[in-house]
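I opened my notebook to look at how two protein chains sit against each other. Here is the structure I worked from.

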Amino acid sequence: MPIDLKMAWRNIWRNPRRTFLTIAAIAFASIILVFMLSFQFGSYEAMINSSVKIQTGHLQIQAPGYKDKQSIHMVVTDPEAVGAFLNNSSEVAAYTFRARAFSLVSSEERTYGIMITGIDPSSEAGVSTLKTSIRRGKYLFEENPNQEIVPALIGELLARNLQVGLGDELTVLGQGRDGSIAASVIHIKGIYRSGLDEFDRASIHIPLQQFQDIYSMRGAIHEVVVVGKSLRQVPEIKKRLLAGIKTTDSKSSLRVLDWMELMPGLRQAIEMDLFSGIIFYIILIIVVAFSILNTFLMAIIERTKEFGVMMAIGTTRGRLTRLLLIESFSMTVIGMVTGAVLGSLITWYFQVNGIDISGSSELLSHYGISGRLYPKLSLASIISGPMAVMIITFLAALYPALKIRRLRPVEAISHV
Amino acid sequence: MSIVECVDVQKTYHQGKVQVHALRGISLSIEKGGFVALAGPSGSGKTTMLNMIGGLDQADSGRIVVGGKVFENMNQSQIADLRLYNVGFVFQAYNLIPVLSAIENVEFVMLLQGIPADERQKRAKAILDEVGLENKYDRRPAELSGGQQQRVAVARAIVSNPSIVLADEPTANLDSVTGNGLLKIMKDMNEIKKVTFIFSTHDSMVMDYARRIIYLRDGQIAKDKIK
């Protein structure tokens, strides 16, 4: 072993208690960072997946401007061509068509303005959690869309507000794509609870084919909802869809929007939460950095005479600086690795068993997550926090290490 | 032939508002192979003089030449190199590196000089044998007595064959028997290897061994006695 490493290793164990406490502080910060980052990444992914499954999908193909104006006239005129392209895309796990119209819906007691969504019951079940969210009644899948009766699924909160239940009728009044009045009577076949209050309070789903008849859509739709095999693949899928979609609908220049564009509120909430998390982490790391700084300032004070002697016998200031940096680096690496391993084990335990968050997180419940939350270990969550600790503590150790360069041998040797 | 040449060396320290004249124009010449004691009471300037010769401190004025090299023409890095290759130090409080074993302490200077590991080990063992520590190679300083530590310090000082060894009160912390043994070792090194030894001391035993005693008082040479 090189003498510098040997000396550094022996030096850090000259005061075992202080070294242990310093390493423990670094390890503790690393454990917290690994766990918290994994918890945050896990909750973000859960929020995104939950919102994606309830509402938007990973991506949507829409007419230009539809997202902002939600006009019934802004349509995808040839959804089958888009569907044919998507069928040949290996990264696409599932897709469905939706058409939407703002309408007035009335029960015997009350009237509300809500969003009526036409869905393809079969493919919708592969894209969203609507089918599994049914709490009472049946999903549209089992209905025959050619019947005169228009079956409908209604959010639990909306049903409560309208004071209706299964089998009740509602009158729908809106505007068709051609400007005509769209009016129909729908029959409640199922009541769902997604966990997302905003969604459950203002939405009704009916079969797409009947929606197209009622709203004079002439075969058009508003959204092609796409789900990829994983969230990470979204940017790649988007790139391919953008390139491929031009060949299917060159006239209307369809837009491909990802979940961040479709749900800017969710993205901002994640950014805000991450930002506040980062501030907390920085404070934590600075506290640890002060611990390292204290350790090495103490070491310099205690070892001033020794450094003076070493300089007297020919050791350069650069070599002494290097020695101290090796000592700080060794302690940081030990603390960091210990913390990363312990943090990963603790996080892994909760990744398997989950953390009960019922009623504890307003932010998460807002995005349809309640019950248990599962942290998600990743290379990024294991490495990024401890690496930040290492870099900042190393920088903190630079000050005392560089302080050595100002030592004068004669003064250092006579230091008491 | 002189190994050390000092001409009108002056040094003043500032302790708060008080000026302490540590050296007041000292001029001396020390021959190669000398065994010289700088003697005098505390505050007479002997340690300051030793520090000046070793390049650990700088004179306010005057001229110091060691091994033919003039300090005033050298920068700190060159003086550090001179210390590494030409000067060995023995301190009153031994001042070994506590985390290194006896042999590692002796090897350390040779390591700084870039001597290969095999050669370092061979020479370190030989010199430790010479100072009577043949069975103590792997002991850390805390596991050695004061006399043994000082013998390691002497071994460290002479292992790389310096021209001069500067020893600041080397026997002050030792009992008379141990101190006497150490001085015999240094005298042997002086006679066999022709290494120049310069001591700062007020120990009469050191003065007995010295062939030349330079008495300092209030930063000036009071008497220069050659036996």
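My entries below go through the layout of one chain and then its interface with the other.

**Entry 1: a word of caution.** I noted first that this is a predicted model.

**Entry 2: the layout of chain A.** I looked up the domain assignment and found domain 1 (3–52 + 266–413) and domain 2 (64–253) in chain A. Domain 1 of chain A is written in two stretches of the chain. I also checked the C-alpha centres of the two domains of chain A, and they lie 49 Å apart.

**Entry 3: who touches whom?** How many residues of chain A are in contact with chain B? I found 20 residues of chain A in contact with 21 residues of chain B.

**Entry 4: the buried area.** Together, chain A and chain B bury about 1900 Å² between them, and 67% of that is on carbon and sulfur atoms.

Entry 5: I counted three salt bridges between chain A and chain B. One of them joins A:Arg408 to B:Asp57, with the closest N and O atoms 3.5 Å apart.

**Entry 6: which helices?** On the side of chain A that touches chain B, helix H1 (3–12), helix H11 (264–312) and helix H15 (409–413) each supply at least two residues. H11(A) gives the largest share, six residues. Sorting that side of chain A by class, I got 10 nonpolar, three polar and seven charged residues.

Technical notes:
Residues are numbered from 1 along each chain as its sequence is written. Chains are lettered from A and ligands numbered from 1 in the order in which they are written. This is a predicted model: local features need pLDDT of at least 70, side-chain atom pairs count only at pLDDT 80 or more; totals for chains, interfaces and linings use all residues. Side-chain values use heavy atoms; hydrogens and water are left out. Contact means heavy atoms within 4.5 Å. Buried area is the accessible area (1.4 Å probe) that two parts lose on being put together, summed over both. A salt bridge is a side-chain nitrogen of Lys or Arg within 4 Å of a carboxyl oxygen of Asp or Glu. Helices (H or I, at least four residues) and strands (E, at least two) are DSSP runs, numbered from the N terminus. Ala, Val, Leu, Ile, Met, Phe, Trp, Tyr, Cys and Pro count as nonpolar, Asp, Glu, Lys and Arg as charged, and the others, Gly among them, as polar. Domain bounds come from an automatic or database domain assignment.
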